[in-house]
Amino acid sequence: MAATRVLLLLSGRPESVSFVQSVCGLLGAGSGPGPWPMYCSLKRGQLVLSDRPFPSASARLPLQRPAFCPFAAFNQQPKAPGAPLPADRGVDLGVAIILQSSDRTVLLTRRTRTLSIYPNLWVPPGGHVELHEELLDGGLRELWEETGLQLPQGQFSWVPLGLWESAYPPRLSWGFPKYHHIVLYLLVISQESQQQLQARIQPNPSEVSAFMWLGPDVAAAVAATEDGTEIPRLPPEDLPPSVLAVELEEDGRARPSVLPMSTLLRTTPPIAEDKERVSTGTKFALGLWLQHLGSVTPLSCESGAYMDPDQQRKNRTWTLFPQTRGLGNEVHNPFPSPPP
C-alpha cells in the first residue's frame, strides 16, 4: 500500500483515510456549503487534520469541497453498484501556488489537452507533494517546473490560504474518480511586477498551453460562478468582454491572445467534456485570495495573519501561522513539528 499522506484525528486518534472516503464528511462537514475551519499540521510528509485543536496543530485553515463532490455521494451511498472501489489507496497530498505580483494580479496557467488529469483547465501552478518534501518547497518546485519561474531570494513572502478536497473526474456522472487529493493553496507574494515576472516565464509545453494574469475584479466574477457561491458583485455589463492571455504555439513560441470572459465564467458541466474553463478548486482559491486582499494590512501580511470570513463579519480574526514569514532567503515549513 502506498504511503499514507493524509491522517485525521477522530476522537483523539489518528486514522488514515481510504480513497473513497470524504475527508470533509469524516470531519463532520455536514450538508452545508462550507468552508469549514480545520486544525492541521504536517509531520514526516503527512497532513494531519482535525475539527478540534490538538497539541501539534500549527494552523487553522478553511477546508472546502465542491457541491458535487463524488466522495460526498459515496458517504450517502457507500456501496455504489459496479464501482471499482480500491482497497489499497489513500488520499494524496497536493500543493498549488497563487502567485501574486507587486501590482496585485495572480497567475493562472492552462493545462494542455494531452494531460490525463484536468486537461484544458485553468489552474495555478501546482502538483503532488513528494514524500518528506516541505509544502513551500513543493509548491516552488512545481512553479519552476511548469513556468520556469524561480523567485529571487529575499523578494517574496507567503501565507497559506486554504485546503481543497479534489476529485478527478470531478462528478460521478463523469465516471468513478481515479484521483483523490487534499490540495493546499499557498499565496506567494512577489516583490516583482506582473511585467517583470512575465518577462521571465518560460512555460513547459508538455504541461502548460497558455497563461494569464487576473486582477481582483475579474477574479471576483470568476470565483462567484460555481454552484453554491454568491452572485458576483459586479453586474455582467461592468466586466470586460475578454482578458489578455499568452498562448503557446506547437513550436513552443508564445503569442498574445484574447480569452473571452464567457470562457472564464463556465461552470463544471454535468457530463464529461474537456471544454476550457477555470477549475472549481481554483475558484475557491481565488475567493480566498480576494478575502486576503480585503482583510490583510501591511503588518498582518508580514506576520501571516488571515481573516476568517465568518469571523470577519464579527470583527474578529484568527491567526494561521504566527511568525512564519517567508522571506525567500530560505524555505520555511508552514507546518513545523511541535517542540520536543
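In the predicted model, the axes of helix H5 (residues 216–223) and helix H7 (residues 280–295) come within 8 Å and cross at roughly 135°. At this angle H5 counts as oblique to H7, because the class of roughly antiparallel is kept for angles over 145 degrees. The crossing of the two helices, H5 and H7, is left-handed.

On the H5 side, the contact is made by Pro216, Ala219, Ala220, Val222 and Ala223. Their counterparts in H7 are Lys283, Leu286, Gly287, Trp289, Leu290 and Leu293. Sorted by class, the residues in the contact of H5 with H7 comprise nine nonpolar, one polar and one charged.

Burial within H5 was examined next. Val218, Ala219, Ala221, Val222 and Ala223 are the buried residues of this helix. Of these, Ala219, Val222 and Ala223 are buried and also take part in the contact with H7. The cover over the buried residues of H5 includes H7 together with helix H6 (261–264). Strands also contribute to this cover, among them E12 (208–214), E13 (242–248) and E15 (277–278).

These elements belong to a chain whose secondary structure amounts to nine helices and 17 strands. The chain has 340 residues, of which 53% count as buried. When contacts between residues at least 6 apart in sequence are considered, 69% join residues at least 24 apart.

Note on methods
Residues are numbered from 1 along each chain as its sequence is written. This is a predicted model: local features need pLDDT of at least 70, side-chain atom pairs count only at pLDDT 80 or more; totals for chains, interfaces and linings use all residues. Side-chain values use heavy atoms; hydrogens and water are left out. Axes are lines fitted to C-alpha atoms, for helices over the stretch in contact, and angles run from 0 to 180 degrees between N-to-C directions. Helices (H or I, at least four residues) and strands (E, at least two) are DSSP runs, numbered from the N terminus. Angles under 35 degrees count as roughly parallel, over 145 as roughly antiparallel, 65 to 115 as roughly perpendicular and the rest as oblique. A crossing is left-handed if the near helix is turned anticlockwise from the far one by less than a right angle, and right-handed if clockwise. Contact means heavy atoms within 4.5 Å. Ala, Val, Leu, Ile, Met, Phe, Trp, Tyr, Cys and Pro count as nonpolar, Asp, Glu, Lys and Arg as charged, and the others, Gly among them, as polar. Buried means under 20% relative accessible area, exposed over 50%, partly exposed in between (1.4 Å probe, protein chains only).
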